[in-house]
Amino acid sequence: MSVKTEARGPAFEQEAISERDFSVKDENFRETKRKAAGSAFQIKPASSKQEIVLTTPEAVDDFLRNFLWRVGMSRTLDRFETEWYTSALHRLAKNLLVAPAAGGFCYIPDAVTHRRLLEAELKTVKEETAELRKEVLAAGASLRKMQKERDYHRLQFQRVFVSKHKLMEDVKTLKIHMKSYEPVLKKMDDKYQSALRNKILLTLDEDRIKNRYWHPTLHRRDKRGGRAKTAKTPADTECPATDANQEQVGVPKTGGFFGRLRSITAHKFPVNGISLHPKHLILASVSDDCSWSLWRLPTSPRKEGELLQTGHGHLEWLSSCSFHPDGSKLATTSGDATVKLWDVALGNSLLTLSGHTHPVWGCSFRFCGNFLASCSTDRTAKLWDLNSQRCRLTMRHHTCTVNSVSFVPSSNTLLTCSADRTLALWDVRMGTCTTIFQGHQYPCNHAALGPPGGLMASCDTHGFIYLWDIRKPETALKTVDTGPAGASQVAFNPSGEMLAVASKDCLVRLVDVETCSVSTLSGHKESVQSVTFDHKGEKVMSSGSDGLINMWM
């Protein structure tokens, strides 16, 4: 043991001496640091109330400092202390007011640095807390306001709910009360409609009584309700001269858009023809059901057409009808080859004219009302004297069925239209054919005369419309193609500026006479058979195979 001790004695003693020197230097360094820190800061004594931290975690700089001190790297330790506290001074220069030491170095204790950092963070947290407090107070005020509005609206809802419940109870009570009055209201409405119907019929009867052209023998009926009997055959009526001063009824509508106003289900079978009353907005219709009907047309979309009168007496389907100029009588033609004259007020048959051998297609009154013309599939047209109740003239010229007949307004000239593709003008006083119109390539279905002025229109089975001047029969003035569907009937408006065409393709076409432009009106489900205008030209009425009567205005 002694040998070993002696062998390493000098080295051990040298190491012991170096350790003592290092400890002395460390103590000197600590004392110098303590003096420098005391000269840089004047640390106030801690308050008795300040909390004491028993254990503090070791900082990074303290760890490095202790390590360097233990290994004896004094110069490195001095350089570290200088650089570390110099950088710390620059970082905290904005928050800490530090007076540099005499040697140019500044040493800041860790506790002070941490305190200043915590104070800065605490200040930031207090500011954020103040802002949050303001927002919370504003949200609380908004919440209280919304709660008040909620309570107000809840109260209003309760009031409205109570009012609604009360109104519903009142409505139920009124409905029950109204149902008790429905029979009375229906009865009163029926009385009103009946009174209105009687008023119109009385007006028609008054027109019949005021008429002076009608021979009194036609009103004499036998007790069995048969045909009128006369003691002797009345004399024939003289055909008067042309009445050029006959007034035109109504003010024509020169143009405009027509929209469908109302549809009337007139018959269960096709409606073959319609005719407008000369004075009132009353329309007569004839059908395949062997009956005719009289309708009061609606004047607004809210009103409906009303059936005023109906008549039965023909044995076959009815083809056309025409009102007497005074409006008190109606002439109808039928497939039973007869023409009947009816009292529209009473619905009774006044006269039956027999003479045709085949179905009769059309009829027309002369402006004076004493003569009636008819046409038939037997290729003839007949002129009937209503006073003598016999045929005064039979016109034979056409080689095929005669489809339409009409008198030229205020004259003794008769226009006929035939399937032989020609039209003819007749002088009924002379009984001769005066003019022939040729130009159609297909059978003609109907021809109509415009207002006084000589304009005439005709249509054929392929939809071609020809406009003629009755004084120039050589060629047509204009030709309008409305095909390929056939045209059943044409009608002028009172001004003569527009032409309505009943087409087989379920459309009513309106043709401007001046420009020949064509517009269409749709509303029928099957072919259109007849068409006419009202007295002022403001409405268009049409009938079709679907049993409907449509009115546009």
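Predicted model: local features only at pLDDT ≥ 70, side-chain atom pairs only at ≥ 80, totals over all residues.
Colleague: How many residues does H3 have, and what does the helix span?

Modeller: H3 covers residues 60-71, which is 12 residues. From its first C-alpha to its last it reaches 17 Å, close to the 16 Å expected at 1.5 Å a residue.

Colleague: Which residues of H3 are buried?

Modeller: The buried residues of H3 are Asp 61, Arg 65 and Leu 68. They cover an arc of only 70° around the axis, so they sit on the same side of H3.

Colleague: Which residues are linked with Arg 65 in a network of salt bridges?

Modeller: Asp 62 and Glu 81 are linked with Arg 65 in that network. Arg 65 is also one of the buried residues of H3.

Colleague: How many salt bridges does a search of the whole structure find?

Modeller: The search finds nine salt bridges. Among them, the side chains of Arg 115 and Glu 119 meet at 3.2 Å, N to O.

Colleague: Where do Arg 115 and Glu 119 lie?

Modeller: Both lie in helix H5, four residues apart, about one turn of the helix. Arg 115 is exposed, because its relative accessible area is 56%, whereas Glu 119 has 39% and is partly exposed.

Colleague: What about Arg 509 and Asp 505?

Modeller: The side chains of Arg 509 and Asp 505 form a salt bridge at 2.9 Å, N to O. Here Arg 509 counts as buried, at 10% relative accessibility, and Asp 505 is partly exposed, at 29%.

Colleague: A change of topic: how many aromatic pairs does the structure hold?

Modeller: The structure holds six aromatic pairs. In one of them, the rings of Trp 317 and Trp 361 have their centres 5.6 Å apart and their planes at 35°, so the pair is tilted.

Colleague: Where are Trp 317 and Trp 361 in the chain?

Modeller: Trp 317 is in the loop between strand E5 (306-312) and strand E6 (318-323), and Trp 361 is in strand E10 (residues 360-365). The two are 44 residues apart, and the pair links distant parts of the chain. Trp 317 is partly exposed, at 26% relative accessible area, and Trp 361 is also partly exposed, at 34%.

Colleague: Which residues form an aromatic cluster?

Modeller: Phe 437, Tyr 466 and Trp 468 form one aromatic cluster.

Colleague: Last point: which residues make the nonpolar surface patch of about 410 Å²?

Modeller: Tyr 181, Val 184, Leu 185 and Met 188 make that patch. Tyr 181 is in helix H5 (residues 110-210) and is partly exposed, with a relative accessible area of 43%.

Definitions and conventions
Residues numbered from 1 in each chain as written. Heavy atoms only, no water. Patch = residues over 30% accessible without salt bridge, like charges linked within 9 Å, V, L, I, M, F, W, Y side chains within 5 Å. Areas by Shrake-Rupley, 256 points an atom, 1.4 Å probe, with all protein chains shown as cover. Salt bridge = Lys/Arg side-chain N within 4 Å of Asp/Glu carboxyl O. Buried < 20%, exposed > 50% of the residue type's maximum accessible area, 1.4 Å probe, protein only. Phe/Tyr/Trp six-rings, centres within 6.5 Å; stacked < 30°, edge-to-face > 60°. Expected span 1.5 Å × (residues − 1). Arc of directions from axis to C-beta.
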